[in-house]
There are 2 protein chains.
Amino acid sequence: MELTSVRQLFREKEQFAGQKVTVGGWVRSNRDSKNFGFLVVNDGTFFEPLQVVYAADKLDNYTDIAKIGVGAAVIVTGTIVETPGAKQLFEMQADEVVVEGACGPDYPLQKKRHSFEYLRTIAHLRPRTNTFQAVFRVRSLIAYAIHQFFQERDFVYVHTPLITGSDCEGAGEMFQVTTLDLNNVPKNEDGTVDYTQDFFCKPTNLTVSGQLNGETYAMAFKNIYTFGPTFRAENSNTTRHAAEFWMIEPEIAFADLKDDMVLAESMLKYIIRYVLEHAPEEMNFFNSFVDKGLLERLNHVLNSDFGHVTYTEAIKILEEHNDEFDYKVYWGCDLQTEHERYLTEKVFKRPVFVTDYPKEIKAFYMKLNEDGKTVAAMDCLVPGIGEIIGGSQREDSLELLEQRMDELGLNKEDYGFYLDLRKYGSASHAGFGLGFERCVMYLTGMGNIRDVIPFPRTVKNCEL
Amino acid sequence: MELTSVRQLFREKEQFAGQKVTVGGWVRSNRDSKNFGFLVVNDGTFFEPLQVVYAADKLDNYTDIAKIGVGAAVIVTGTIVETPGAKQLFEMQADEVVVEGACGPDYPLQKKRHSFEYLRTIAHLRPRTNTFQAVFRVRSLIAYAIHQFFQERDFVYVHTPLITGSDCEGAGEMFQVTTLDLNNVPKNEDGTVDYTQDFFCKPTNLTVSGQLNGETYAMAFKNIYTFGPTFRAENSNTTRHAAEFWMIEPEIAFADLKDDMVLAESMLKYIIRYVLEHAPEEMNFFNSFVDKGLLERLNHVLNSDFGHVTYTEAIKILEEHNDEFDYKVYWGCDLQTEHERYLTEKVFKRPVFVTDYPKEIKAFYMKLNEDGKTVAAMDCLVPGIGEIIGGSQREDSLELLEQRMDELGLNKEDYGFYLDLRKYGSASHAGFGLGFERCVMYLTGMGNIRDVIPFPRTVKNCEL
């Protein structure tokens with residue numbers, strides 16, 4: 001079917017004035033004024049809808065059209081007419097309106113406004129609303145901006161595995177993956193599970209990070225990134241945690257922590273610039289209806305250098321405000337969201353990198369600093385969210401890495417492939433992880449992770 | 001560290017002639033001729049390596065450099081000198097060679113040639129070889145080409161969920177996802193598993209397709225695509241099956257089977273064109289060392305229209321050659337790879353769409369044709385592979401869809417969200433699935449799916 005998209009009509013309006021076109025879309029509203037009526041049609045390609053004027057003297061099926069319900073699918077043919085001075089810049093004067101699929105009065109999106117909580121219960125229909133049209137188009141654009149950023153810089157995109165035989169960085173609880181019958185789990189003589197009968201002949205889990213696998217590719221391609229789903233079986237029912245989410249994990253070789261931060265800052269600015277340029281209507285909507293200061297904040301980020309502070313300095317600053325925190329800070333403590341937000345919102349008033357954390361609160365693979373106490377780690381904190389990126393330079397000395405693994409009681413045999421990278425042509429390298437959904441929340445101002453994931457998975461919730 | 005990439009040196013060679021640059025990379029070979037020597041250095045950014053000439057009268061550490069082993073990481077600084085007439089167009093005359101990370105004689109990639117089977121056992125090191133540098137760079141480029149193709153056309157990228165509470169299209173066996181302790185599965189009084197104690201309070205699996213979820217978004221955004229991991233717990237140990245693989249599933253509304261095929265053909269041609277343009281060195285390598293006819297075949301595809309044949313016609317053609325097949329064909333049978341390849345390689349000699357299959361061998365959601373016997377399905381077959389794409393127009397009539405679900409004994413309550421799409425503003429729509437790894441195999445000529453996935457997961461195999 002030769003259809004014109006509403007996006008084309010808006011983006012190339014000059015060329016369509018006076019032209020006859022056909023558009024397929026869904027009715028957002030229908031107002032009948034006896035001899036003529038207005039259909040507002042959204043076809044999903046553009047945030048703004050098309051206004052269609054239909055007249056009794058032109059349509060044989062006028063009375064039927066006047067009764068079309070909200071949500072119906074229609075195919076409308078007519079002439080695009082400029083309407084200077086009116087609310088919308090142009091409208092379609094219909095020659096023909098065909099109902100492709102009706103929509104009854106039990107349609108759950110009848111009313112104009114619904115709460116986000118209610119809309120979560122109809123995750124299959126909510127993308128038809130203004131807010132979720134905007135959220136999920138912007139989500140798509142952010143994903144593409146990330147690919148474009150890395151591909152323009154010749155990074156190799158690596159699909160690290162989802163099903164894994166090891167706990168990798170020991171981060172959080174994991175989901176087990178199995179083909180064993182849970183009603184009748186096969187057992188060995190000693191009562192343990194007989195994994196030789198499982199699909200992979202051993203216990204397997206869903207990955208919590210592609211980093212260690214990603215490092216193996218960085219030591220071959222120099223610059224790589226991953227972009228894939230990640231899982232946490234954490235029983236935390238918050239607005240920022242989901243059991244299934246997407247992560248971006250770049251890894252760069254012949255690079256140190258400073259290179260890593262330069263990359264992270266360029267990437268975030270690139271994404272912001274891309275979205276402001278490609279989704280101005282959606283971003284204005286968020287700024288007006290979801291988060292009033294959004295555009296000012298994002299533009300401020302574009303125009304400022306990110307702050308830098310060491311963990312030790314940050315603790316000194318925060319200790320002076322300990323009376324304002326639920327959790328008091330002290331050197332050696334992990335930063336909570338309240339501390340992170342204080343630093344980025346109150347102290348720096350822009351995104352800030354906190355670097356050089358105590359080794360005890362960071363992962364085993366991070367490079368030990370010369371002080372022997374801290375590691376070359378960085379977290380990037382942004383206003384409204386807190387930590388959005390966590391990264392580090394990696395320990396590239398075989399000796400120091402093995403020493404650290406021994407201290408932590410890690411089984412070196414499980415990490416043979418990872419140690420090989422330090423045995424065979426080791427090179428300084430660094431990387432970070434960006435939580436994709438946090439990034440979408442940051443750019444849209446949406447406050448709940450459930451509202452930036454098409455079909456969110458959280459504890460006790462796996463619908464559709 | 002300010003490094004120049006080998007890719008820059010090759011792609012912008014004119015500008016580097018006579019310039020002093022620093023490159024970090026890994027030694028592919030080292031040849032010492034007493035007073036001068038040659039290091040071949042690959043930095044992973046480009047298929048061709050950089051030749052570095054080092055001389056005893058310029059380097060204090062000449063004797064150390066002469067001993068550098070294959071696989072070592074080095075940082076070399078020197079002047080780029082054009083070498084017209086030589087095998088390589090330019091070389092670096094080194095002022096300084098620093099060993100960043102040594103590599104011992106036990107390095108598993110010492111020898112020049114290793115079998116693919118052997119290299120699979122060192123999946124963390126194989127991307128350092130020519131073949132796998134080429135495979136995984138091209139894999140990355142294909143992924144990006146796919147995103148670019150859809151984004152240029154304003155399709156919305158949708159992340160459909162990986163963990164699912166339903167079997168969706170009933171395609172193949174699934175992996176179960178659980179946080180229950182398999183050593184001690186909690187049971188109800190009647191002996192069944194007590195899923196109220198599982199993470200999602202019900203049994204959950206890894207998805208076999210994002211299509212049904214994707215359709216819900218197509219009915220909001222008109223044109224969408226998914227690109228994510230998919231899982232099959234099938235016990236099939238072939239060169240074309242993996243337990244974890246990536247799929248692309250576009251879905252287009254106000255569209256029929258013909259639109260679907262036009263989209264599929266444009267997409268495949270776009271990908272081929274993109275890869276030929278962006279990875280000419282890699283594609284020449286495949287053509288010379290992996291699959292001799294590759295470039296001719298791909299160029300032929302670019303320059304021909306795909307064939308079209310109905311299933312019924314295809315069966316007539318194939319029946320005449322039944323003596324050549326292991327499995328004899330007859331109307332109503334499913335096509336095997338041998339039949340598919342015969343059609344595309346022998347009969348059409350180019351990619352071909354087979355359409356309108358018997359409804360019995362296709363999924364419940366495919367649109368019933370007017371004959372009442374066949375459905376508006378299409379498979380795209382390509383030489384060397386067989387089926388690479390499978391798609392269909394979807395049944396958009398609530399009545400016919402429910403009728404078909406009843407015939408097949410499907411529980412309509414499990415598909416409430418899917419039926420809602422037909423209740424509320426139903427529109428004709430269509431889509432297809434492209435197996436990403438099959439696409440990579442097709443474009444590289446690689447014969448085993450294990451060799452186009454960074455860390456392949458197959459039955460009894462989940463290493464690294």
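This is a predicted model: local features need pLDDT of at least 70, side-chain atom pairs count only at pLDDT 80 or more; totals for chains, interfaces and linings use all residues.
Residues are numbered from 1 along each chain as its sequence is written, chains are lettered from A and ligands numbered from 1 in the order in which they are written, and side-chain values use heavy atoms, with hydrogens and water left out.

**Exercise 1.** Determine where B:Pro383 lies and whether B:Pro383 counts as buried or exposed.

*Solution.* Step 1: B:Pro383 belongs to the loop between β14 (374-382) and β15 (386-393) of chain B; strands are DSSP runs (E, at least two residues), numbered from the N terminus.
Step 1: Because its relative accessibility is 10%, B:Pro383 counts as buried (under 20% relative accessible area; exposed is over 50%, with a 1.4 Å probe and protein chains only).
Step 2: Leaving aside neighbours within four places in sequence, its contacts (heavy atoms within 4.5 Å) include B:Arg297 and B:Tyr442.

**Exercise 2.** State the strand order of the barrel in chain A.

*Solution.* Step 1: Five strands close into the barrel in the order β1-β2-β3-β5-β4, with mixed pairing (two strands pair if DSSP finds at least two bridges between them).
Step 1: Strands β1 (residues 20-32) and β4 (residues 73-82) of chain A pair in the antiparallel sense over seven bridges.
Step 2: Within β4(A), A:Thr79 stands opposite A:Lys20.

**Exercise 3.** Identify the rotation that superposes chain B on chain A.

*Solution.* Step 1: The rotation is 180 degrees, with 0.0 Å of shift along its axis and an RMSD of 0.0 Å (least squares on the C-alpha atoms of residues with pLDDT of at least 70 in both copies).
Step 1: The two copies are therefore related as by a two-fold rotation axis.

How values were computed: Helices (H or I, at least four residues) and strands (E, at least two) are DSSP runs, numbered from the N terminus.
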